Amino acid sequence: MTTKTPPGSSPAVLRYAAFTTDPSGGNPAGVVLDAAGLDDEAMLAIAAEVGYSETAFLIPAADSPESPDGSDGSDSPGQPYTARYFSPKAEVPFCGHATVAAAVALAERDGAVTDDGAQAAYVFATRAGSVPAAVSRAEGAVRATLTSVTPHVEEAAADDVAEALAALGWDAGELAADLPPRIAFAGARHLVLAAATRERLARLDYDFARLEALMRRLDLTTVQLVWRASPYVFHARDPFPVGGVVEDPATGAAAAAFGAYARELALVPAESVLTLHQGEDMGRPGVLTVTLREGEKRVRVSGAAVPVPEGQA
């Protein structure tokens, strides 16, 4: 049962690391389980104080007319919440790692997942659309699987790609020829650029202001830089200057968008499970699992999440 935050008081902010079983790995997110009494200014101020790339603010269905009614076309009905996401600088329409963190935080608060296979299900009404999330426990780890909104992939203009490469300090010849640039969406827009080598991906030293300006013009949430290690395994990095941080350690929304990209370009079979490694070059390794189902447009992204101990960044 959720207790409302009294007017004028500060809500409890939980801290979880998503896409990891180690609190020092993955991507940390703030989670406010009941934000019914908060306005936009208060949410932004809390997100800035937390300082993570995103903080999720949940509003229980009884307090929000925006909550979904279950008619979202998914096969995962669940307890409804409205979810809003703020970086330290602005609101974003959808955030995958904060959704995973929020779903796990809810399930743990409710005691809804156990080692005997019990699961919890939630549906988050986001600015991007309705996002179901299922939570379960396996081998001691609590994992959440989100189902994205309907994704789409579009061409990236040559001039915009050239500007992105200039801001990143990359040469066009350092791109992988078989993974062309595209803008992919699965709740937020991401420019996908594929490096030809792992060494190129490992070196990230970009013009923050220049890349931010391009991203704002194109309404991008991150630039997703990837390298293909094997047919189903990829490494990724996500510059995030529009959110006020240099790099996002593990980006669920970009992983979902990348799943749509891989399917659209027939890089993998229609029925596939992809593994994305992210955060290694930042010292915060995380693992994101992307599942594609034949005949279904939506993309599933799953990963573990754990509480971040008090005092640990």
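D219 counts as exposed in this predicted model, at 55% relative accessibility, where exposed means over 50% relative accessible area, buried under 20%, and partly exposed in between (1.4 Å probe, protein chains only). The place of D219 is in the loop between α5 (208–218) and β12 (222–230), helices (H or I, at least four residues) and strands (E, at least two) being DSSP runs numbered from the N terminus. Although D219 is not a glycine, its phi is positive, about 55 degrees. Most residues other than glycine have a negative phi. F19, in the loop between β1 and β2, is likewise a residue other than glycine with a positive phi, near 65 degrees, but F19 is buried, with a relative accessible area of 2%.

The model is a predicted one, in which local features need pLDDT of at least 70 and side-chain atom pairs count only at pLDDT 80 or more, while totals for chains, interfaces and linings use all residues. Residues are numbered from 1 along each chain as its sequence is written, and side-chain values use heavy atoms, with hydrogens and water left out.

Y16, in strand β1, counts as buried at 7% relative accessibility. Y16 and A305 are 289 residues apart in sequence, yet their C-alpha atoms are 6.4 Å apart in space. With residues up to four places away in sequence not counted, Y16 touches N27, P28, A29, A101, V104, A105, E108, A305, V306, P307 and V308, contact meaning heavy atoms within 4.5 Å.

In helix α1 (residues 40–50), the buried residues are M43, I46, A47 and V50. These residues lie on the same side of α1 because they cover an arc of only 100 degrees around the axis, the arc being that of the directions from the helix axis to the C-beta atoms. The exposed residues E41 and E49 are carried on the face of α1 turned away from its buried side, and the cover over the buried residues includes β1 (14–18), β2 (27–32), β3 (55–60) and β4 (79–86). After α1 comes G51, whose phi is positive, near 85 degrees.

A nonpolar core is taken as a set of buried Ala, Val, Leu, Ile, Met, Phe, Trp, Tyr and Cys residues joined through side-chain atoms within 4.5 Å. The largest such core has 64 residues, and those with the most contacts inside it are Y122, F124 and V135; its largest share, nine residues, comes from α2. Apart from this core lies another, of 25 residues, among them V161, I183, Y206 and M215. Beyond its neighbours within four places in sequence, F124 is in contact with residues including L58, Y81, A83, T99, A103 and L106.

Of the 13 residues that line the largest cavity, E54, C95, D248, T251 and A253 are the closest to its centre. At least two residues of the lining are supplied by each of α2 (96–110) and α6 (252–264).

Notes. 1 Å grid on protein atoms, 1.4 Å probe; cavity = no way out; pocket = protein on both sides within 12 Å on 5 of 7 lines; lining within 4 Å.
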